[in-house]
Each structure stands twice: as C-alpha cells, then as structure tokens.
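Work through these exercises with the sequence and the model open. Try each task before reading its solution.

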Amino acid sequence: MPASFFVMSRWRSRCYAMLEEEERHGRAFLLAAVCLGVGAVIWFVLPVDPPVQAIGTGFAIFAGLAWRWRFSQGMAHYGTAAIALLLAGMLLAQWETWRRATIVLDSPVTTMISGVVERREASGEGHWRYIVRLTATVEPTLKRPPDRVSLLARSGHEPIAIGAGIRGRARISPPSGPALPGLNDFAFAAYYDGIGAVGYFYGAPEAEAVAEGGNGSVLQRLELTLYAARSAIGDRIRSVVPGDAGAFAAAIVTDERRAISKETTEALRLSGLAHIIAISGLNMALAAGIFFVGVRAGLSVFTGFAQAYPVKKIAAFGALVTAFAYYLISGFAVSAERAFLMMAIMLIAVFFDRPSISLRNVALSAIVIIAMSPSEVMGASFQMSFAATLALVAGYALWKERPATEHASAIPGLRAAVWVFRFFGGVFFTSLIGGLATAIFSIEHFHKLATYGLVANLAAMPIISFVVMPAGLIGMLLMPFGLDAFPLQIMGAGLELVIAIARMVSGWGGEVAFGRLHPVFFPLSVAGFLVMTLLQTRLRHLGGLLILAGALAAFMADGRGTADLIVAEDGRLASARLDGTWSVNRDRPPDFIFAQWQRALAIGEPRDPQQLENTAKPMEKDGKRKRLTAEEVKQARTAMHKALAESEEGRFACAAKLWCVLRLGERRIALVDDPAYAGAACDAATLVIVSARLRFEACRSGALLITSTTLRRTGALEISLPENPAEQPRLAPAFENAERPWMRHRSYDWRSGEFNAALPASIAALIVQ
C-alpha cells in the first residue's frame, strides 16, 4: 500500500483520539451550545422561511439516531447529535417568531394616537422617550396599527407616569432596514422587541385616564410596577448627581442610557469604555461579587457562626438575590438578562460545591438564552458579551495551571507591592483578552477598533471596581431609607473621573477604520475563535489557521464592493463614486444613515452637491398637488439637460426639494423628490430614482425607473454601472425577500389591504444573485 495511506490512517486515528479526549473533558457539551446557536443563525439568514414540518421531521429523525448511537464512536455519534441540535436551533427560532408576531407599521403616517405608557426614559435636554401600547388611532385610523410604538417627546411637559394614558398627534414610521446590504437591520431587532413603529410627538403629549382593565393582565401590571420603580430610581439618581455623571450612574443601575449627552457617549465609545454603560457581565459580577465578598467577610468575623454554618453558601445566596434585584430594576435589558443568567449559574454552582467559573457554566447560560430568545444570537451585544466571557474563562483556566510562585509574597515588605502588581496585571490582561476577543465582532458590526481602549480601561477600571460600584451598591441598599445621597455623590465623583479619562483618551484619536470586509471573514474568524477557546487538545490550533484564513480573505478581496451609486431605502439620500471620490446629494446628509455608509465603505468627506437656481414648485390646491403643465414639463426637462451637460462629472447638481441629476461617464442619473418631475426626469436621464409612489412603473423613454414602492421591497440599493453604457446596471438589494416576518410590512399596501412582494420585471432581472 502507498505510504500516504498509512499517513492518512495515522492522522485519522490521532484525530479520533483527540476528539475522545475532548469529550472526556466535557467539550461535547460546549459544542452543543454552539450547534444550537448556529441552527438559529441559519434560520434567520435564510432568504425564505423554511418549512417547519420538514425541520421538525428532520429533528425527530436525527435526535432518534443520536440517541440510538449515543454509545458509538466517530461521526455516527457526533454528526447526528450536531445535526439534531442545528435543527433544534432552527425550531426555536421559528417558535420565537410565531410567539412575537409583532405587527410592524407599513409606511410613515401622521395620526392621533392614544395608548398606555409602558416605559419611559429621559432622553437629554428635557426630552422623554416613551414606549406606548396603542389603544386607538384616529385622523386617520390605521387599518393595520402596531401594538407598541417608541415615541420621542421634545416639547417641555410634565413626564407622564408609567401605566397612565397618553394622547397626542405623532409622526410614526417603520423601523429602518439595513443602510446597505449586510449591515444592521433595525427592523429585525424592533420586531423581536415587540416595537412596531418609531417616531415623535408634534408638541407635548397629554395624559388621559386609562379605562378599567386597560393595564392588562396581572403579569402586565406587575411589569408596569417594576418599570415605574426603575424610572423612579433613575430620576432619584439624576436628581442627586446632576449632569452626565448622574445620567451615567443611572445607566449603570437602570440601563437608562439616553440621558447621557452625545459628546460623552461618543467619548466613551472612542476610548473603548462604552461597555461600562451597559448592564453586562462586568457590572453584574462587580455588584454580586462585592456583596458576596462583603457578606462572607462580615460573617467570618463571628468565628462560632462561621464554624457552624456554611458562610460561603449564605454569601452566595445573598449575592444571587442582589443579582436578581439588579436584573429587575434594569428594565429586563437583554445584556442584563445574559449577565444575570451567567451569574446565577455560577452562584448556584457554589451551593453544590462545583467550580463557579467554568466554560460549562458559560455554555449552559448560552443554551438558556438561546432557548428563550434565539434572535439574540444575531446581535452584536450577545456575540461580544459571550466572546469576552469565553476568552476570559479560557484564560482563567490557563492561569490556574501556571506554576505556583508565592516566595516573594511571603516577604512582609513585598506583600503589598505584589498585591498591587497582581491587581493591575489582572486588569491589564483582562482588558487585553476581552479586547482581543471582541475585536472580530467590533470589526464586523461597527467597522472600527479603538486602539487606545486598553489604556483607557487600565485607568478607568480601578475607579469602577473600588469607587463606583461599591458606592452604587451601598446607595441602592440605603435608598429605601432616604440615606442614599452621600454614596450616590461618591459614585458620581468616580464617574466624573471616568468621563474625564474617556475624553482625554478619545482626544488622542487612534481609531482604526476597516470598512466592510469580505463576507467570509466573519464566519471563518468566529469559527476559529470558538475552536481556540472551547477545545483543549492540539486541535485548538486549527482555530488560529481559520482566523488567519478569514483575515487573508478579508484583506485580499475588496469586501466594500464595486458599487458606483448607493441609494437609501427611502430614495432621498444617494452617494456616487468616481475615481475613489464620493459625492452626496444633500448638503447635510442624515447622520444616522450616512455615518453607516462612511464606516462600511470607508468614505471620507464627500463632495457637496452643486445647488442650482430653484424653479417654481407645483402649487398645492385642496390638499392635492397640481400636475405640471406641458410648458412646465418642457422647462424642467431643459433644466435637467442643461445641468447634466454643464455640471462636473461625478458631482450631483440639485434643484432643492425637487430633483438632482448626476453624470457618470455616459450614464445620466436623476433623483426625484417631487413626483411631479418624474416624467421630465424619464426624458432627461437613463436611470431615474423617485422617492415617492408613482402611477406608472416604467418610463416611456426606456430609462430604468426605481420608485419608492420598489425600494420598500428591496431596501437600500448598491448599484454597479458597467463601463459599457449599453449594458444594464447591476443591483444589490439590502435583502432578497420582503416576505420574512420582520420585513413583511414592506409588501403591505394599505390602500388595498393586501401583501405583494413582487418586484417589477425590469428590476428583478437586474438583481445580482
């Protein structure tokens, strides 16, 4: 037989031996959590809803085979169990989607709303953000109203209490979709949060009485009580500690983040300290840990009691109660839910004399979260939280295996120095490991890395650990007795220092922009990270190879694409590229969308449009827009032709609030804000994009027409223009199918009351598959 056969046989035997060793170390359970999460991810990223009957049947078959071969070795055992778990994750995703069944508003509308305030949050500068459960809409009455909306009230008013009725005229819109293909879909998160629309009040909302039984079931009333307590705690903290420090303190305790100023939020983000704001594993661990250590140390003073009773378990129970209370007043934030589950599992392990810090506990908490809310696996918060935890626990396991070196600490004069060195060394390595572990996810979701985050964390974390969290915990314990002012002021003073550190470090710059990388970068890198952290044998070195392969694919291929023109989903904002320079059709493009474009495509400062002398806008009469006369159409067509001929190539020329035109080589592009000018644009351009609904779907001139109806069903578009003007453009939509549950509102027509996701044939033929 050839030598290669023996080599392969030997290599296969070694792999099976290492797999068996991994199983003896309990790694199979860790990979079970991964398979469950991957199954949920597969369900969410599919272009269509897979048939649940087929998934259920497949799960039953493979679960049965896995049970049948549970004592077998090799792929028969591992493979069937992995497939069964993947299918189980898909079933959980389907079940959550059915359970939520959120009605999302189909199109922007101004209406008079009435409802019940379920949550409220200070939003800075006297503004308030309300989560309202709608009970009625009038003027107009919506045919398909959402159940819950998020509304901002900018006008000064007395804040309306949680559980009270609220009424006012509001502008509400569907949550935004992806700003570009592959970017964050805000409608997805809103769907699974139960929010069907976002918007703002015109003027100050009014409080009104709630009908009997209007506050829902006993469980809903209990939830309103908890939210009211949370709001009262946040108000109390901000009243004691003014300014950004008070808003920061309230965010750490109640997860109410909107009151922090934009400048401070940006400084925390640029310095790598934004993770402190969220109620995450760090905050929960510090709160529960401080209580645990304090109670254990206090009870240990009483020698007789400590010898008669399990002091460690009593302290663990107290810490568990503290963590649960922290979770309740956090407003059930997702990050707090994850942190509480992980902390609860670790503290419960103390009751059974099991190791509290272990990868098994991390995997168990992940399984619980995925079973409850599988949609969370798609979010950056879930991914970064578990990545940091996995890396830290894996690093802790390696640290425990180090050789003992206690000689120096035995010398009395050096004990303090050794303790200080170990503390700051622990902060350094914790920040380093956490930063490296979350780098992949930061690059993928935010396209940036804070290069000085390690320095900022080294300076800020001692303050958080020894000043902010202990003072905050004492303040919360004393708040029911009205003795919380002094501890909260100490907490505020500590956070002032943290904000000062954030502003100083953010002033150094140093943020690295990556842009949108190749699609294979993220899955390969995540797979490599999981292999490195979850496995124990030499198989873990394969993780480094996978990460290297992902990095090479990312930097050797241009993941930013070849689009020459990008258009927002509402058709009102567009940007064009010529010779590496981008131009935009707005003097002040909306930051919410354009900032995402800049990060994803590494766009610098764009060229502003050339503003043309405005022509007469069609008059309005009795609420209906007057059509252009033949002479006005001719004048508009002439103005567009002139602008296309005389304007600089690659730069928009705009008649404000009416239309913009752009020349790219032989291509003539028109963006129309006022639908009355659509006909003239069809005659002047080869590609026409109209940000309004039209009565026609095609231009008589043969120009390619994209309307707001089309954009609703495709989302934002990246348009590539071939060099040969005879060839048609290629379109890359933000999503492939508007029939998925969190996108279905895009295909609803309120006029007919029907759903129709079909695209015009001329558009469908140009979409890149």
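**Exercise 1: the sheet**

V688 stands opposite L705 in strand 19. Residues are numbered from 1 along each chain as its sequence is written, and side-chain values use heavy atoms, with hydrogens and water left out. This is a predicted model: local features need pLDDT of at least 70, side-chain atom pairs count only at pLDDT 80 or more, and totals for chains, interfaces and linings use all residues.

Task: In which sense do strand 18 and strand 19 pair, and over how many bridges? Then place them in their sheet.

Solution. 
- Step 1. Strands (E, at least two residues) and helices (H or I, at least four) are DSSP runs, numbered from the N terminus. Two strands pair if DSSP finds at least two bridges between them.
- Step 2. Strand 18 and strand 19 pair in the parallel sense, over 3 bridges.
- Step 3. Widen the view. The open sheet has 6 strands in the order 12-15-16-17-18-19, and its pairing is mixed.
- Step 4. Find the edges. Strand 12 (610-611) and strand 19 each pair on one side only.
- Step 5. Helix 21 (residues 630-646) lies across strand 15 (653-655), strand 16 (659-664) and strand 17 (667-672). Helix 21 runs at about 40° to strand 16. Such angles run from 0 to 180 degrees between N-to-C directions, and axes are lines fitted to C-alpha atoms, for helices over the stretch in contact.

**Exercise 2: the disulfides**

Task: Which cysteines are joined, and what is the handedness of each link?

Solution. 
- Step 1. Apply the rule: a disulfide is a pair of cysteine sulfur atoms within 2.5 Å. The count comes to 2 disulfides.
- Step 2. C654 is joined to C660, S to S 2.0 Å. This link is right-handed, with 115° about the S-S bond.
- Step 3. C682 and C699 form a disulfide, with sulfur atoms 2.0 Å apart. This link is left-handed, with -45° about the S-S bond. C682 lies in helix 22 (residues 678-684) and C699 in the loop between strand 18 (687-690) and strand 19 (704-706), so the pair ties together parts 17 residues apart in sequence.
- Step 4. Number the bonded cysteines in sequence order. The pairing is 1-2, 3-4.
- Step 5. Check burial (buried means under 20% relative accessible area, exposed over 50%, partly exposed in between; 1.4 Å probe, protein chains only). C654 is buried at 3%, and C660 is buried at 7%. C682 is buried at 5%, and C699 is buried at 9%.

**Exercise 3: a loop residue**

Task: Is T707 buried or exposed, and what does T707 touch?

Solution. 
- Step 1. Locate T707. It sits in the loop between strand 19 and helix 23 (708-714).
- Step 2. T707 has 7% relative accessibility, so T707 counts as buried.
- Step 3. List the contacts (heavy atoms within 4.5 Å). T707 touches V690, A692, L694 and F696, leaving aside residues up to four places away in sequence.
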